[in-house]
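Me: I have a model open and would like to go through it with you, one question at a time. Shall we begin?

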Amino acid sequence: MPAARAEGDDLRLVSGDGYAPFTSQELPGGGLLAQVVTQALRQAQVSSSLDWLPWSRGLRMTQQGKYDATFPYVRTEVLAEQFLFSEPLLVVRQHLFSLAGSVYEVDDLQSLSGSRLCYPLGWQLPVAVQAMVEQGRLVRHAPKGLNECARLLLLGRDDVFIANGPIGAAALAATGQPVSRFRRSQSAFGETSLHVIVSRGIRAPRSCCRPSTRACGGFAAATATGACSGPTSRPATARPSAEAAAQIASRVNSSGRLAAANRVCRVISPAISWLSPPSWRVST
């Protein structure tokens, strides 16, 4: 268990590399969303540090409480069981990317059967595609980053990868090949949002789950079982039962992670809501 940390300590953040233009060690400020998160904290006068780890390791260490938060993640049922989600950093739409001679469309996923899908380790697949992988109808290859997926298409080792427009374009550009060698599907998966997430294991205080609480600033507004109304009049998408709230409160510990959870809950979401409202959408 991590040592107890004082309220004034830096918030320890972790993200993964190779997700340009959103997160990348090679980009100024660590990428667009790294800048949004750090600026949100700076706006609230909270100091933070950002480490870079492989996606799956950073996620695991955040779940264990060794980091206070990680980003950016799409909300899935599996992650929602283990993490609380901030207000959206960005809303995106994902496409299928392939070589120019191969046609795959989101509105015809059956055409993917028997194909080789490249999708980085630790990234969460769309539900319908994950089902195909689990059924053995689609073979998934999971390298460390999306740039490898674009290169593997060129080498003929994979057939398709999934990405939203900006990171897909960045991966194609990283190959140094003309964009005409690739194809992006015309149809897209439904809108998904990217979030900062905090482990439920840090036992966020009961106030984070009371609909009337303003301090939480909508931190859990995207979760299915723990929502706050946030600093504005925008309604929460869900509200926890009194029993669930009491259970969270009863499991609060004194390891020092409670203070960190409360600070993330109190600070990041309202600042993010101001800096990058959910109306930010990327579909190209």
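Me: Why does S185 count as buried?
Reply: Happy to start there, with a predicted model in which local features need pLDDT of at least 70, side-chain atom pairs count only at pLDDT 80 or more, and totals for chains, interfaces and linings use all residues. Residues are numbered from 1 along each chain as its sequence is written, and side-chain values use heavy atoms, leaving out hydrogens and water. Buried means under 20% relative accessible area, exposed over 50% and partly exposed in between, with a 1.4 Å probe and protein chains only. S185 counts as buried because its relative accessibility is 1%.

Me: Which residues does S185 touch, not counting those up to four places away in sequence?
Reply: S185 sits in the loop between strand 10 (182-184) and strand 11 (192-199); helices (H or I, at least four residues) and strands (E, at least two) are DSSP runs, numbered from the N terminus. A contact here means heavy atoms within 4.5 Å. With residues up to four places away set aside, S185 touches H95, L96, Y104, E105 and V106.

Me: In which sense, parallel or antiparallel, does strand 7 pair with strand 9?
Reply: Two strands pair if DSSP finds at least two bridges between them. Strand 6 (residues 94-99) runs antiparallel to strand 9 and is joined to it by five bridges, with Q94 opposite N164. Strand 7 and strand 9 have two bridges, and the sense of their pairing is parallel.

Me: Which cysteines form a disulfide?
Reply: A disulfide is counted for a pair of cysteine sulfur atoms within 2.5 Å, and the count comes to one. The sulfur atoms are 2.2 Å apart in the pair C118 and C149.

Me: How many residues apart are C118 and C149?
Reply: The link of C118 and C149 is left-handed, with -75 degrees about the S-S bond. It connects distant parts of the chain, from C118 in strand 7 (residues 116-118) to C149 in helix 5 (residues 146-155), and the separation is 31 residues.

Me: What is the volume of the largest cavity?
Reply: On a 1 Å grid over the protein atoms alone, a cavity is a set of points where a 1.4 Å probe fits but cannot get out, and its lining residues have an atom within 4 Å of a point. One cavity of 30 Å³ or more is counted. Its lining has 13 residues, with Y19, P72, V74, W123 and Q124 nearest the centre. The space filled by probe spheres set on the points, joined across faces, edges and corners, gives a volume of about 160 Å³.

Me: Which strand supplies the largest share of that lining?
Reply: P72 is among the residues nearest the centre of the largest cavity, and P72 lies in strand 3. The largest share of the lining, three residues, comes from strand 3 (residues 69-74).

Me: What is omega for the cis peptide bond that joins F71 and P72?
Reply: A cis peptide bond also joins A20 and P21, with omega of about 5 degrees. P21 is in the loop between strand 1 (11-15) and helix 1 (32-43). For the cis bond of F71 and P72, omega is about -15 degrees.

Note on methods:
1 Å grid on protein atoms, 1.4 Å probe; cavity = no way out; pocket = protein on both sides within 12 Å on 5 of 7 lines; lining within 4 Å.
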